[in-house]
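Let's take a walk through this structure, one spot after another. Have the sequence and the model open side by side, and follow along.

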Amino acid sequence: MFGKIHEIYSSISGEGISQGIPTVFIRFAGCSLRCGKTESRSLWCDTAYALGPNQGEEKSLESIWMDLENLDPHHGYQVLLSGGEPLEGKNRDLSISIANKIYKHRTEAGLPYPAARVETNGSERITEDAFFIFTMDYKLPGSGMEDRMDLENFRILEKRHNSLDEIKFVVRDRIDFDRSIEVIREQKIHTNILYSPVHGEVDAKELVEWIKVDNPPKCRLSLQIHKVLWGNQKGV
């Protein structure tokens with residue numbers, strides 16, 4: 001079994017509930033979404049370098065496992081599958097296999113972080129599998145990708161009832177924020193909610209004021225600590 005991998009490296013988790021935790025990142029290559037790109041506005045993807053399937057190399061489960069053991073020989077780091085999109089196309093099967101292997105190994109050995117966290121774009125169907133924890137985007141109007149969202153994912157998150165799952169709203173403007181409030185109400189969301197500003201387009205302090213007024217349940221501001229520490233540098 002093979003998938004397209006752009007990079008594998010160790011760092012700390014930069015966002016959300018797991019922010020600051022030592023983490024091994026497995027970044028898949030290939031994503032069919034192009035968030036933020038319109039005639040007058042530019043693509044905002046943080047990892048545009050991994051959007052194309054040809055921006056990665058074919059790697060097997062065995063090869064990835066060796067990389068994990070080299071980076072984290074004691075299996076004490078969180079493992080985070082990102083992209084690109086780890087649930088798109090054949091990357092999906094490889095993601096399931098990786099997460100399943102990690103989960104079995106760590107639960108049997110009593111090791112921390114048995115479930116791999118998956119950062120997914122909201123257009124791919126998530127699963128009820130216990131070996132995954134999800135940080136799932138919901139793409140707002142400013143992304144131009146809202147019509148690609150799979151609404152059944154909200155029902156699956158409800159069934160999972162996992163206290164570590166997250167829904168992330170990336171906010172480009174006030175229209176985006178107001179739409180996020182509508183989505184929370186329409187979908188009766190009770191999962192953890194992250195709000196992140198589009199860099200250079202909305203001030204994080206202004207987003208804080210909006211959050212304070214509406215105060216959606218279980219929400220938090222999520223800034224990217226890795227950018228504070230290293231800027232836009234890759235592989236850190």
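Start with T47, which you'll find in the loop between strand 2 and strand 3. Keep in mind as you look that this is a predicted model. Is T47 buried or exposed? Its relative accessible area is 11%, and anything under 20% counts as buried, so T47 is buried. Who does T47 touch, once we skip the neighbours within four places in sequence? The contacts are R27, G83 and G84. There's also a note in the records: an unreviewed UniProt entry has a "binding site" annotation that covers T47.

Leaving out its neighbours within four places in sequence, R27 has quite a list of contacts: I5, H6, E7, Y9, T47, Y49, A50, S82 and G83.

S82 belongs to strand 4. At 5% relative accessibility, S82 is buried as well. If we ignore residues up to four places away in sequence, S82 touches I26, R27, F28 and E119.

Now over to G20, in the loop between strand 1 and strand 2. Here the relative accessible area is 37%, which makes G20 partly exposed.

Next up is helix 1, which covers residues 61-71. Which of its residues are buried? They are L61, I64, W65 and L68. They cover an arc of only 100° around the axis, and that puts them on the same side of helix 1. The spacing has a simple background: an α-helix has 3.6 residues a turn, so residues three or four places apart point the same way. Turn to the other side of helix 1 and you'll see E62, M66 and N70, which are exposed. What do the buried residues of helix 1 pack against? Their partners are strand 1 (2-12), strand 2 (22-28), strand 3 (57-60), strand 4 (78-82) and helix 2 (90-109).

Last stop: some empty space. Rolling a probe the size of a water molecule over the atoms shows where such space is left. The second largest pocket has a volume of about 220 Å³. It is lined by 15 residues, and the closest to its centre are L157, E158, H161, H190 and T191. Which element gives the most to this lining? That's helix 3 (residues 152-160), with four residues. Sorted by class, the lining of the second largest pocket has four nonpolar, six polar and five charged residues.

Definitions and conventions. Residues numbered from 1 in each chain as written. Predicted model: local features only at pLDDT ≥ 70, side-chain atom pairs only at ≥ 80, totals over all residues. Heavy atoms only, no water. 1 Å grid on protein atoms, 1.4 Å probe; cavity = no way out; pocket = protein on both sides within 12 Å on 5 of 7 lines; lining within 4 Å. Points joined across faces, edges and corners; volume = space filled by probe spheres on them. Helix = DSSP H or I, 4+ residues; strand = E, 2+ residues; numbered from the N terminus. Nonpolar A, V, L, I, M, F, W, Y, C, P; charged D, E, K, R; others polar. Buried < 20%, exposed > 50% of the residue type's maximum accessible area, 1.4 Å probe, protein only. Arc of directions from axis to C-beta. Contact = heavy atoms within 4.5 Å. UniProt positions renumbered as here; feature names shortened; annotations may be inferred.
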